[in-house]
Amino acid sequence: MTTDPIRLLRARHVLPSADAALIDDGAVVWSGTRVLAVGPYERVRAEHTEAECWSFSDHLVLPGMINAHDHGRGLGTLPMGVADAPLEIWISGLFALRALDPYLAALYDGINLLASGVTTTTHQHNPCDWRNLESELIETARGYADAGIRACIGLPLMDQNTLSYIGNEAFLARLPAALAAEVRTSGMAAPLPDWRDLLAVGARLVERWRGDERHWLCYGPVGPQWCSDALLAAVSEAGRDMPVHIHAVETRTQAAFGHRYYGETPLGHLDRIGFLRDNVTCAHCVWLSDQDIALLAARDAKVAHNPSSNLRLRSGIAPVLRLREAGVTVGIGLDGQALADDQDMWAELRLARGLASTPSPAGEALSARALLAMATRAGAAVVMGAAPLLGTIAPGSAADFFALRLDRVRGPYLDARTDLLDAVLGRAKPTDVDTAVVAGEARLRDGRPVGLVRGDIEARLAASLAEPKSPAQETRERLAAALASHLRDVYADW
Ligand SMILES: [Zn+2]
């Protein structure tokens, strides 16, 4: 029988969790995939004299961050030809998104996130082809696993309004006849697979990944306006003990959809049909009533906040302080839409802080520790997950953490009055992330993915897109562009 070696990482500072005291000259000891001990180096070393030691002289060790909402597209939508625009317009561009190999997309997203200090991501899958959904999800999981990052993988579910919130037939009826006919023959308005079959795919993946801590399934009904109540009820039932992840009230138009079609807010409706529970995460939640916030808190439903995405797709600014004040758990997600298109979690945290700050001398703001809690413990609540105790470094927790170099954060001068965590949250960049350990293994060393070469993956991605576009692809691009002005008309008075 082989036993896992015991390893010890010593660093100038260790922060075991967002609300713990900072440990100077600290150490983490782990074996296999689990942490055995964390504390001051002298004490921990004396208890584990046999441990193999890695030393980081000027680093801060933090729990691995958790990206609470994303799609693992590999390449952002902007370089793929879909310009930033209000969400309801932008989304029509996704009809013409070229298919990327799901393995390569997840591999590339995985190494980029890991380089930022993210050790677990949430992947809400956008199918290249619904008929291949199961194999796409398996390949996605393999991509993240090879990148060395854990992933909560969302099974996409939707059954209505794919073209517009007014319904596909109603929307097609508003289009010039020739355009409507072209949209029909292009397949863009084709019915989706029966969601009962998709839930069966989900059940098979739950079995396939059972006991695997690298990835696990969550149900991802795409949003209330895209899902019938029957589908949402079935997801509630099937996903009782699993994470369930839904986009909700991302835009004012989506809030208006609730009033038009339910006669109440979308979250009010989700609650009325029994959908809002503690295993449910609502992504975005920009347009919330006071009652919606109270409902989220009462049901202990979680929120994934996506500040860059909300700005780039002109959705607005989510009421993060009010949500937190009400006791709602709020994680933070990049949504594949970071302001600089670079999956930089540090910049995302700073943006979250800036947007949530009340513009008044007496106003509140998110502290460095609150931001860290959003990126760690709250993210863990969103992904739930097979691995216990993500988002913290404690005996028995997942051995997921990273070492951040402090030389640039502190340099060329850092006043003694400046709190170290304020400096880190104010100044850190992915280039400062030195080493990341996931499930006990170093998957990033010296800022580079272990066993993978970024340039090779980029070359494979570029090669996969070097083929000339097919005539069908060019048709979809032309039609998606033609739909934009009609979509603007549909929602003009919402
Ligand atoms: Zn999203």
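Visitor: Let's start with helix 3 and helix 18. Is the crossing left-handed or right-handed?

Guide: Helix 3 and helix 18 make a left-handed crossing. Keep in mind as we go that this is a predicted model.

Visitor: Okay, and at what angle do the axes of helix 3 and helix 18 cross?

Guide: Roughly 145 degrees, and the two axes come within 10 Å. Helix 3 covers residues 102–116, while helix 18 covers 454–464.

Visitor: Which residues in helix 3 and helix 18 meet there?

Guide: From helix 3 you have L104, L107, Y108 and I111. Helix 18 brings R454, I457, R460, L461 and S464 to meet them. By class, the residues of this contact are six nonpolar, one polar and two charged.

Visitor: Let's zoom out. How many helices and strands are in the protein?

Guide: You'll find 19 helices and 16 strands.

Visitor: How does the radius of gyration compare with that of a compact globule?

Guide: It agrees: for 494 residues a compact globule would come out near 23 Å, and the protein has 23 Å. Along the principal axes, the C-alpha atoms fill a box of roughly 75 × 55 × 45 Å.

Visitor: What percentage of the residues count as buried?

Guide: That's 49% of the 494 residues. As for contacts with a separation of 6 or more, 75% of them come from residues 24 or more positions apart.

Visitor: New topic: domains. Where are domain 1 and domain 2?

Guide: Domain 1 is made of two stretches, 6–63 and 393–449, and domain 2 runs over 65–383. Their centres, taken over C-alpha atoms, are 31 Å apart.

Visitor: How many residues of each domain are in contact with the other?

Guide: There are 23 from domain 1 in contact with 23 from domain 2. On the domain 1 side, the elements that each supply at least two residues include strand 4 (52–63), strand 13 (401–405) and helix 17 (420–427).

Methods
Residues are numbered from 1 along each chain as its sequence is written. This is a predicted model: local features need pLDDT of at least 70, side-chain atom pairs count only at pLDDT 80 or more; totals for chains, interfaces and linings use all residues. Helices (H or I, at least four residues) and strands (E, at least two) are DSSP runs, numbered from the N terminus. The radius of gyration is taken over C-alpha atoms; the globule rule is 2.2 Å times the number of residues to the power 0.38. A residue is buried if 20 or more other C-beta atoms lie within 10 Å of its own, exposed if 12 or fewer, and partly exposed in between; C-beta atoms are placed from the backbone. Two residues are in contact if their C-beta atoms, placed from the backbone, lie within 7 Å. Axes are lines fitted to C-alpha atoms, for helices over the stretch in contact, and angles run from 0 to 180 degrees between N-to-C directions. A crossing is left-handed if the near helix is turned anticlockwise from the far one by less than a right angle, and right-handed if clockwise. Ala, Val, Leu, Ile, Met, Phe, Trp, Tyr, Cys and Pro count as nonpolar, Asp, Glu, Lys and Arg as charged, and the others, Gly among them, as polar. Domain bounds come from an automatic or database domain assignment.
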